Amino acid sequence: MKLSRRSLLATTAAVAATTVPAGPAAQAEAAPRGRGRPLRTGFERLAADGYAALAGQRVGVVTNPTGVTRDVRHIVDVMHADRRVDLRAVFGPEHGFRGTAQAGGSEGRYDDPATGLPVYDTYLKSGQPLADVFTASGVDTVVFDIQDVGARFYTYIWTLYDCMEAAALAGKRFVVLDRPNPMTGREALGPVLHKEFATFVGRQPVAQAHGMTVAELARLFNAEFLATPVRLETVLMTGWDRSSFYDASGLPWVPPSPNMPTPDTALVYAGTCMFEGTNLSEGRGTTRPFELLGAQGLDGRWADAANALGLPGVRFREAYFAPMFSKFEGKTVGGVQIHVHDRAAFDPLRTGIALLVTAKRVWSGFAWRPDDWIDKLTGSARVRTMIDAGADTDEVVGGWRTELAAFRRTRGRHLLYR
């Protein structure tokens, strides 16, 4: 599978994708280094320089509840109160700007009670319809500040992609404020999306665990995938390095969505979200979504089979739970709880595949969702068909080796941190 750079657009993209050191005072920080320095987010650097990157611009912000300062004030509230920023609009993604909607929902168009700003709904909008939203808002610059979790099928990175594409169509400037990848940025893992399986949980050929920050993804999108690159600028973090987990950041964790309550959830999510494509519960409706997995009819044999594999960094406990909503609502189910004891050694993708393989082997009731949603999540039919054919974990993981190597080479051109 080729991930070739678009040669006709490469020069344009390189010029358009500018890394902003957040103003003259930050010139020495243009090449961020991690260890030994406190982490500062893109927004913190933007604010510290008096919002110089937004001077003279009518600004709109794509954000959600994760767009907060270190003292948990929302950046929209902070900028709205600052005369140096001409903030005109807010654009809400899935779950909404203030986060009132569950999975698959949004807040619609309304005026924010706290600021009076118009809030526009971007969820499931793309192309010219989304460009028309940006045009109607009257903004010159669209700013993106949302905490990602590092998985291809988490929809906020495709909100980023769609908004970049729409901003280019509408002739708007686009500024990305960077935040940490809570899974770290050490490496990309898992299968790469095949274009014929593209949906809102994967628009472009990206690995299932991409190992990038949103600013790095924005540069990749602009150079590799957008037919017309946007006028892109990125305000980078300082004090972050690629091996850092979220708890090293000193930042508060605000759930990016209702079923992402902790950084521990984000650590396993890229692997265990694949259970959305099965008839097992992925733990939605519990206090440990994506760490608890199960179904009626499963018992301790699953944990025994998974533990027998000796997967690095993780152990499995026989667990019973009753989801309050979603699959098996109000019913007691059996399964496993995932306990990661060595984060550096843990591989969420290998772990997720191993759990799928063992669940199918120990439970006769195992089934894929009838709509083959697993294919959308993994980016092709290969994982499903290999497991159905009796492949073991190593065989399934080996099936994506070539395409992952190609993505890693592409990814390497757009990394911004050491």
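**Salt bridges in the predicted model**

D375 is buried, with a relative accessible area of 4%, in a structure that is a predicted model. The side chain of D375 meets that of R384 in a salt bridge, with 2.9 Å from N to O. R384 has a relative accessibility of 16% and therefore also counts as buried, since this term applies to values under 20%. Elsewhere, salt bridges that share partners join E276, E282, R284 and K327 into one network.

In total, the structure holds 27 salt bridges. Among them is the pair formed by D162 and R203, whose closest N and O atoms are 2.8 Å apart. D162 lies in helix α5, which spans residues 156-170, whereas R203 is found in the loop between β8 (189-192) and β9 (207-209), so this pair ties together parts that are 41 residues apart in sequence. D162 is buried, at a relative accessible area of 3%, while R203 is partly exposed, at 21%.

A further salt bridge is formed by K360 and D388, for which the closest N and O atoms are 3.6 Å apart. This pair, too, links distant parts of the chain, with K360 in helix α9 (residues 348-362) and D388 in helix α11 (residues 382-388), 28 residues apart. K360 counts as partly exposed, at 30% relative accessibility, and D388 likewise counts as partly exposed, at 39%.

Methods
Residues numbered from 1 in each chain as written. Predicted model: local features only at pLDDT ≥ 70, side-chain atom pairs only at ≥ 80, totals over all residues. Heavy atoms only, no water. Salt bridge = Lys/Arg side-chain N within 4 Å of Asp/Glu carboxyl O. Helix = DSSP H or I, 4+ residues; strand = E, 2+ residues; numbered from the N terminus. Buried < 20%, exposed > 50% of the residue type's maximum accessible area, 1.4 Å probe, protein only.
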